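This report walks through one chain, part by part. Please keep the sequence and the structure in view while reading.

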Amino acid sequence: MSNQHSEHEHNEQDHGERHHGTNDRAHDQGHDHDGHDHDHGSELPEMDLRVRALESLLVEKGYVDPKALDIIIQTYESKVGPRNGARVVAKAWADPAFRDWLLRDATAAIASLGYTGRQGEHMVALENTERVHNMVVCTLCSCYPWAVLGLPPVWYKSAPYRSRAVIDPRGVLDEFGVKVAEDKELRVWDSTAEIRYLVLPQRPAGTEGWSADRLEQLVTRDSMIGTGLPLSPADAKP
Ligand code: FE
């Protein structure tokens, strides 16, 4: 996998070329790449204004129906959400054949549950094990697997997370309250417009014989980004 970064190396050049290269599809899908430079300090209000200006222009010219835009945003805010991903993870925990398929071809395995579409066309599942903990970031902007996790949380898009996840992943995990054993390898994956990652967390102990429906309650959004762990059975609703 070419865009996996070990704890201490990060090739941003490589990322940038792939990320902001010739793939214009992301732009067509309302993704927030705008060719900005890397001074992220004050980009948000400006980007907000640019998005609004673009939206009014498109509406004015009759290219876009504002109602259609609202429906898309509403869908990913409330309808998709991270529960799709939780269903994928729970099924992988409960069904070894599905787990194997997910790790081999996440796009197809996830699509078999009906989760497809924007920002989820090329999915890769990363399995957490006793030896490896995976964590996902988009160092340049906010690439995120919408089809399984909905819209990204605010911190995922923040400059501190995007830079520190690569420079000091253990420090970031610490702030999220996640303790990863010192001897565990930490892998940080850089999302791009082409590839979106879903972390398959370790199945919590004490859940032997649980159904997928029951397991699903233990899967948190952050556990599928790698900045959290699944709930323990004691935390689950009865
Ligand atoms: Fe991005």
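In helix 10, which covers residues 159–167, the buried residues are Y161, A165 and V166. These three lie on the same side of helix 10, because the arc they cover around the axis is only 115 degrees. P160 and I167 are on the other side of helix 10, and both are exposed. The model described here is a predicted one.

## The chain as a whole

The chain is made up of 238 residues, and 34% of them count as buried. Its secondary structure consists of 13 helices and five strands. Contacts between residues at least 6 apart in sequence can be sorted by their separation: 72% of them join residues at least 24 apart.

The largest nonpolar core has 46 residues, and the members that touch the most others in it are V89 and L198. Helix 5, residues 83–94, gives the most to this core, with six residues.

Helix 5 is mostly covered, with 10 of its 12 residues buried. The buried residues are N84, G85, A86, R87, V88, V89, A90, K91, A92 and W93. Which residues does V89 contact when its neighbours within four places in sequence are left aside? They are L200, P201, V219 and M224.

The length of helix 5 can also be checked. At 1.5 Å a residue, its 12 residues should span 16 Å, and the end C-alpha atoms are 16 Å apart, so the two values agree.

## Paired strands

Two strand pairs are described here. Strand 3, residues 132–137, is mostly covered, since five of its six residues are buried. Strand 3 pairs with strand 4, residues 185–190, in the parallel sense. Within this pair, N134 stands opposite R187 of strand 4.

Strand 2, residues 123–127, is mostly covered as well: four of its five residues are buried. Its pairing with strand 5, residues 196–200, is in the parallel sense. V124 has Y197 in strand 5 as its bridge partner.

The table sets out the two pairings.

| Pair | Sense | Bridges |
|---|---|---|
| Strand 3 (residues 132–137) and strand 4 (residues 185–190) | parallel | six bridges |
| Strand 2 (residues 123–127) and strand 5 (residues 196–200) | parallel | five bridges |

## Two single residues

L186 has its place in strand 4. Why does L186 count as partly exposed? It has 17 C-beta neighbours inside 10 Å, and a residue is buried at 20 or more such neighbours and exposed at 12 or fewer, so a count in between makes it partly exposed. L186 is 55 residues from R131 in sequence, and their C-alpha atoms are 8.8 Å apart in space.

A181 is found in the loop between helix 11, residues 169–175, and strand 4. Is A181 buried or exposed? A181 counts as exposed, because it has 9 C-beta neighbours inside 10 Å. A181 and R170 are 11 residues apart in sequence, with a distance of 10.0 Å in space from C-alpha to C-alpha.

Key
Residues numbered from 1 in each chain as written. Predicted model: local features only at pLDDT ≥ 70, side-chain atom pairs only at ≥ 80, totals over all residues. Arc of directions from axis to C-beta. Contact = placed C-beta atoms within 7 Å. Pairing = 2+ DSSP bridges. Core = buried A, V, L, I, M, F, W, Y, C linked by C-beta atoms within 7 Å. Expected span 1.5 Å × (residues − 1).
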